Amino acid sequence: EKDFKETLNFLKEVRFDNVFVSKFGARPKTEAKKLKPLPSQIVKERSRILSSIARKISLEKNREWINWEGEILVDEKVSDYLYKGRNYAYKCFIIKSKEEILGRFVRVRGEKASFGGIIASTLL
């Protein structure tokens, strides 16, 4: 319980842009392998709590990019007209385009934030 609380405090203090939460698995031949596993209900609840806090922090940090203008490198085609790209800070921007822009640099402006990235409009 103490370690979990320290993890929560660390997450809230450092405020990472992205956090990938995974459930602990003890590796063979380690001291942790000798420990009794926690009940799955506790593991699920801790994972839910950590993920919730991480999403909230990501959303807050992504809101800081609303109205930012700059170049992104389009590195993923999500669907027919939806693309993802990243800027100099590796922030994910989501844009619509009828043009094929995969692999191109595009100038954008952040319009709206989600915990997964910034929805942006393209600029000429």
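Analyst: Accessible areas here come from the Shrake-Rupley method with a 1.4 Å probe, and for residues only the protein chains shown count as cover. By that method, the accessible surface of the protein comes to about 9300 Å², and carbon and sulfur atoms hold 53% of it. The model is predicted, so local features need pLDDT of at least 70 and side-chain atom pairs count only at pLDDT 80 or more, while totals for chains, interfaces and linings use all residues. Residues are numbered from 1 along each chain as its sequence is written, and side-chain values use heavy atoms, with hydrogens and water left out.

Let us begin with the whole. The protein has two helices and five strands, taken as DSSP runs numbered from the N terminus (helices are H or I with at least four residues, strands are E with at least two). From the N terminus, their order is α-α-β-β-β-β-β. The radius of gyration, taken over C-alpha atoms, is 19 Å, well over the 14 Å of the globule rule for 124 residues (2.2 Å times the number of residues to the power 0.38), so the protein is more spread out than a compact globule. Along the principal axes, the C-alpha atoms fill a box of roughly 60 × 30 × 25 Å. Of the 124 residues, 28% are buried; buried means under 20% relative accessible area, exposed over 50%, and partly exposed in between (1.4 Å probe, protein chains only).

You can find Ser97 in the loop between strand E3 (92-96) and strand E4 (105-114). Although it sits in a loop, Ser97 counts as buried because its relative accessibility is 13%. Which residues does Ser97 touch, leaving aside its neighbours within four places in sequence? Ser97 is in contact (heavy atoms within 4.5 Å) with Asp80, Tyr81 and Tyr83. Within its own stretch of chain, the side chain of Ser97 reaches the backbone nitrogen of Glu99 at 3.1 Å.

Lys29 lies in the loop between H1 and helix H2 (40-63), and its relative accessibility of 85% is why Lys29 counts as exposed. Asn67 is in the loop between H2 and strand E1 (69-77) and is also exposed, with a relative accessible area of 58%. Neither name belongs to a glycine, yet Lys29 has a positive phi of about 65 degrees and Asn67 one of about 80 degrees.

Technical notes
A polar contact is a pair of N or O atoms within 3.5 Å; within protein, one must be able to donate a hydrogen and the other to accept it, and residues adjacent in sequence count only if both atoms are side-chain atoms.
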